[in-house]
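This report describes the strands, the disulfide, the nonpolar core and the overall dimensions of one protein. The sequence and structure are shown first.

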Amino acid sequence: QVQLVESGGGLVQPGGSLRLSCAASGTPGTRFPLNTMNWHRQTPGKERELVAGVSSDGTTTYADSVKGRLAVSRDNAGNTLSLRMNRLKGEETAVYYCAADYIVTGETYVVGRAWGQGTKVTVST
């Protein structure tokens, strides 16, 4: 129903900045704009955690550890999601995933959550 493609990952030094992007597309029947869209991250041996997100009403949420340094934004018209990361820390090295809750034509409830393949962010000297 929904395909998500992340981009923007790479190697960055501690204290540096990076911007991630997520582009969404859907099969026929998928309603746009999408519902809540989030950024998650995961490191080996750890559970995937929520980093930031934008709800259907435009409200943004952030993990406590990233408040003030990361900014999430959404282009409702284009169904894209961005994450601007500043003053990155080494412990934030992870694969970052884009996720989107979506509905389909004829429904009024979320029918699924789509995940992208992820983009690797490495914070190191």
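## A covered strand and its partners

Five of the six residues in strand β4 (residues 37-42) are buried, which leaves the strand mostly covered. Here, buried means under 20% relative accessible area, exposed over 50%, and partly exposed in between, with a 1.4 Å probe and protein chains only. Strands (E, at least two residues) and helices (H or I, at least four) are DSSP runs numbered from the N terminus.

β4 runs antiparallel to strand β5 (residues 49-54), and five bridges join them; two strands pair if DSSP finds at least two bridges between them. Met-37 has Val-54 of β5 as its bridge partner. Six residues lie between the strands in this hairpin of β4 and β5, where Gly-45 takes a positive phi near 80 degrees. β4 also pairs with β9 in the antiparallel sense, over six bridges. His-40 has Tyr-97 of β9 as its bridge partner.

## Basis of the model

The model is predicted: local features need pLDDT of at least 70 and side-chain atom pairs count only at pLDDT 80 or more, whereas totals for chains, interfaces and linings use all residues. Residues are numbered from 1 along each chain as its sequence is written, and side-chain values use heavy atoms, with hydrogens and water left out.

## The disulfide

A search of the whole structure finds one disulfide, defined as a pair of cysteine sulfur atoms within 2.5 Å. Cys-22 and Cys-98 form this link, with their sulfur atoms 2.1 Å apart. The pair links distant parts of the chain, 76 residues apart: Cys-22 lies in strand β3 (residues 18-26) and Cys-98 in strand β9 (residues 94-102). The link is left-handed, with -75 degrees about the S-S bond. Both Cys-22 and Cys-98 are buried.

## The nonpolar core

A nonpolar core is a set of buried Ala, Val, Leu, Ile, Met, Phe, Trp, Tyr and Cys residues joined through side-chain atoms within 4.5 Å. The largest has 30 residues, of which Trp-39, Leu-83, Met-85 and Tyr-96 touch the most other members. Among the elements that give two or more residues to this core are β1 (2-7), β8 (80-85) and β11 (119-123). β9 provides the largest share, five residues.

## Overall dimensions

The protein has eleven strands and zero helices. Buried residues make up 40% of its 125 residues. The C-alpha atoms fill a box of roughly 50 × 25 × 25 Å along the principal axes.
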